[in-house]
Amino acid sequence: MIYTRSGADALSKRVDIVSPGTGNKHWGTTYFGPRSSNKEATGPQATMSELQANESVVPHFHGVSMFQLFIAGYGTIGNQGKELKPLTVQFKDHHTAYGPIVAGPQGLCFVALRMYTGNSEPVYLSEPGYRDRLKPSKRRNLTSPQVHFSIEPVMQHRTEVAWETLLEADDGMHAQVVRLGAGMKVQGPDPKVAGGYYVFVGNGSIVHNGETLPKWSMVVVENNEPEFEICAGDQGLEALVLQYPREES
């Protein structure tokens, strides 16, 4: 199945939330599925979190593999204080700890993208017995170089499709940037090659079934789909194409 969600529509439903790890208040937006879940359900799960200035998210892990995009503001991750500048892509295998995430003085916005709804409740390393909840995993915690987007005239007048690889592994995990000029089209990856993929609009817009989806919109292409054509809007498109690894046997 193919799922779409307009970023403008999703953000119009932003709500105040409380971090379960710290009790801090910040802002949350749900694109697909529940914000947090402890059981499998149909369809993808994608959420946005917008942290207060200087707020921290304490180290934890989830039971579902995910891509995470740091799309606005500034912050750091890990004990070494690795910088998180827009736009940074992160991939984390299930049951792989990460953090702390610390927002800078302008706050930090990130999006968590999961291909399916599963046991995504955070398990904090400060909780007693957290090791008992760990399961076998490749334990990858990968971070891309910073992605830079074009100014609108450059994007709009692009004449050739450009693909750039950010992260890649031999189990099908692949994070790319695709850049298209106004109205250009390109075939997306074969969804059946791995675990399906997200297309996240970082700049410009994407058109699907006659609907124009603006910046920070999402399209989810499950791996039971035969194909998907990526079509740029009138200003062009620069999108993240985030392919999930094949399911572990």
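This is a predicted model: local features need pLDDT of at least 70, side-chain atom pairs count only at pLDDT 80 or more; totals for chains, interfaces and linings use all residues.

Mentor: Happy to! Residues are numbered from 1 along each chain as its sequence is written, and side-chain values use heavy atoms, with hydrogens and water left out.

A word on terms: on a 1 Å grid over the protein atoms alone, a pocket is an open set of points with protein on both sides within 12 Å along at least five of seven lines, a cavity is a set where a 1.4 Å probe fits but cannot get out, and lining residues have an atom within 4 Å of a point. Points are joined across faces, edges and corners, and a volume is the space filled by probe spheres set on them.

The second largest pocket holds about 400 Å³ of space. Strands E2 (15-18), E5 (45-51) and E11 each give at least two residues to its lining; strands (E, at least two residues) are DSSP runs, numbered from the N terminus. By class, that lining has twelve nonpolar, nine polar and two charged residues. Here Ala, Val, Leu, Ile, Met, Phe, Trp, Tyr, Cys and Pro count as nonpolar, Asp, Glu, Lys and Arg as charged, and the others, Gly among them, as polar.

Now follow His62, which also lines the largest cavity together with Phe61, Val64, Met66, Lys92, Asp93, Thr96 and Tyr98. That cavity has about 30 Å³ of space, and its lining comprises four nonpolar, two polar and two charged residues.

Strand E11 (101-114) leads us to the loop between E10 and E11, where Pro100 is found. The peptide bond from Gly99 to Pro100 is cis, with omega near 0 degrees. His95 sits in the loop between E10 and E11 too. Its phi is near 55 degrees, a positive value in a residue other than glycine. His95 is buried (under 20% relative accessible area, with a 1.4 Å probe and protein chains only), at a relative accessible area of 9%.

Pro86 and Leu87 are joined by a cis peptide bond, with omega about -10 degrees.

How values were computed:
Helices (H or I, at least four residues) and strands (E, at least two) are DSSP runs, numbered from the N terminus. Buried means under 20% relative accessible area, exposed over 50%, partly exposed in between (1.4 Å probe, protein chains only).
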